Amino acid sequence: MDNPVKYAGTPFKSLDTFASMWEEFATHVTPTPPPRLRESRDTDTLIVTPGKTGTTWVQQMVHQLRTGGDDEFDEIDSVVPYLPPQWIDYDININVEQKWFPRCFKNHDTYEWVPKGCRYIYIIRDPVDTMYSMYRYLSVMLGTETDNFNRDFENFIDSVLMHYRDAVFFDYWGNLASWIPRYSNPNLLWLHYEDLHEDIDLCLERISGFIGVPLTRKLKELVLNRSTFDYMSSNVDKFDDRPSQTLFHLAVMKRKPEELDRFMAPKVRLSGGGIGQGKSNISQNVANKIDEAWQKLVTPNSGFHNYKEMRESFTILKA
């Protein structure tokens, strides 16, 4: 690559250098994060995920529900703001009043770091599909895609597992383990990405009830229509995460403005939102590593031996 990606002086020429990226990011973490909301409210709704588990999809559902169908926003993060990691100087005042009720935000933090006293919609997804989607997303952002997927993806998984506690913006296992003990909290709505695919009607009913929005037949039809892949892909500029990605590229990767389009990773894409795509594209060796990570990092504190077992216990589809 003629112009290797750089962050804090560290060159990235292929995905086997992800470990260096985790280490660099870890240097920006302080033991006690500053509060993100100066005055959080018990009606504030945080859409919390480890990343690549359906955040944007649920942001759209929640915003359509609370507004009765607003589609005039420029980008979804402008109306459902991102509560970013404390080491990012995010140029947005998240404490201003929002036009609609309840106030809604998205966040990727563990439970320990989120504002307390709010309501939380937690979304989780099969770890193999999540890792596969994150790999595809970050490889575009970092400009590190090569023709050797199997090698690069395994290197990516190895680096994530080696530095998972340093990957403060993508610690799937630590994030999940921190939220599992809060499952029965009445201020938390637990959703599985697969449930959204299998029965979006029921999920929408649960979300609307959770945020206190009456779900009429007309509103339900509208929200369902505007939460489809066809609608969101036809309005991709509204869901492309461009503000956050622009900040990442300019402030973290030190890119030039004229380089941004090359490294913008699409959020709404046919290749990234399916169920089972990870398992059908990765080697058994990598699948075993992800399973071993679950056994080591999730099972001891939860009792669940794998994602399937957890979903069968927690899914709303059986209720």
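Which residue in S7 does Ile 123 stand opposite? Ile 123 stands opposite Leu 191. The model is predicted: local features need pLDDT of at least 70 and side-chain atom pairs count only at pLDDT 80 or more, while totals for chains, interfaces and linings use all residues. Residues are numbered from 1 along each chain as its sequence is written, and side-chain values use heavy atoms, with hydrogens and water left out.

## Overall make-up

The chain comes to 16 helices and seven strands. Helices (H or I, at least four residues) and strands (E, at least two) are DSSP runs, numbered from the N terminus. Of the 319 residues, 57% count as buried; buried means under 20% relative accessible area, exposed over 50% and partly exposed in between, with a 1.4 Å probe and protein chains only. Contact means heavy atoms within 4.5 Å. Among contacts with a separation of 6 or more, 76% are between residues 24 or more positions apart.

## The sheet and strand S7

Five strands form an open sheet in the order S4-S5-S3-S6-S7, with parallel pairing. Strand S4 (82-83) and strand S7 (188-192) each have a single partner strand and stand at the edges, so one side of each is left without a neighbour in the sheet. Two strands pair if DSSP finds at least two bridges between them. Strand S6 (residues 119-124) pairs with S7 in the parallel sense over five bridges. Along this pair, Ile 121 has Leu 189 in S7 as its bridge partner.

Although S7 is an edge strand, five of its five residues are buried. On one side these are Leu 188, Trp 190 and His 192, and on the other Leu 189 and Leu 191, so both faces are covered.

Helix H8 (residues 200-211) lies across S3, S6 and S7 and runs at about 165° to S7. Axes are lines fitted to C-alpha atoms, for helices over the stretch in contact, and angles run from 0 to 180 degrees between N-to-C directions.

| Helix pair | Angle | Axes |
|---|---|---|
| H6 (residues 172-179) and H14 (residues 284-297) | about 40° | 10 Å apart |
| H2 (residues 55-67) and H9 (residues 217-226) | roughly 150° | within 9 Å |

The angle of about 40° between H6 and H14 makes H6 oblique to H14. For H2 and H9, the angle of roughly 150° makes H2 roughly antiparallel to H9. Angles under 35 degrees count as roughly parallel, over 145 as roughly antiparallel, 65 to 115 as roughly perpendicular and the rest as oblique.

H6 passes H14 in a right-handed crossing, and the crossing of H2 and H9 is right-handed. A crossing is right-handed if the near helix is turned clockwise from the far one by less than a right angle, and left-handed if anticlockwise.

In the second pair, Gln 60, Met 61, Gln 64 and Leu 65 of H2 meet Leu 219, Leu 222, Val 223 and Arg 226 of H9. The contact of H2 with H9 has five nonpolar, two polar and one charged residues.

Within H9, Leu 219, Lys 220, Val 223, Leu 224 and Arg 226 are buried. The cover over the buried residues of H9 includes H2, H8 and H10.

Ser 227 is found in the loop between H9 and helix H10 (229-234). Ser 227 counts as buried because its relative accessibility is 4%. Not counting residues up to four places away in sequence, Ser 227 touches Trp 57, Gln 60, Met 61 and Met 232.

Arg 311 lies in helix H16 (residues 307-314) and is buried, with a relative accessible area of 17%. Leaving aside neighbours within four places in sequence, Arg 311 is in contact with His 192, Glu 194, Asp 195, Glu 198 and Leu 317. The C-alpha atoms of Arg 311 and Leu 191 are separated by 9.3 Å, with the two residues 120 residues apart along the chain.

Conventions: Ala, Val, Leu, Ile, Met, Phe, Trp, Tyr, Cys and Pro count as nonpolar, Asp, Glu, Lys and Arg as charged, and the others, Gly among them, as polar.
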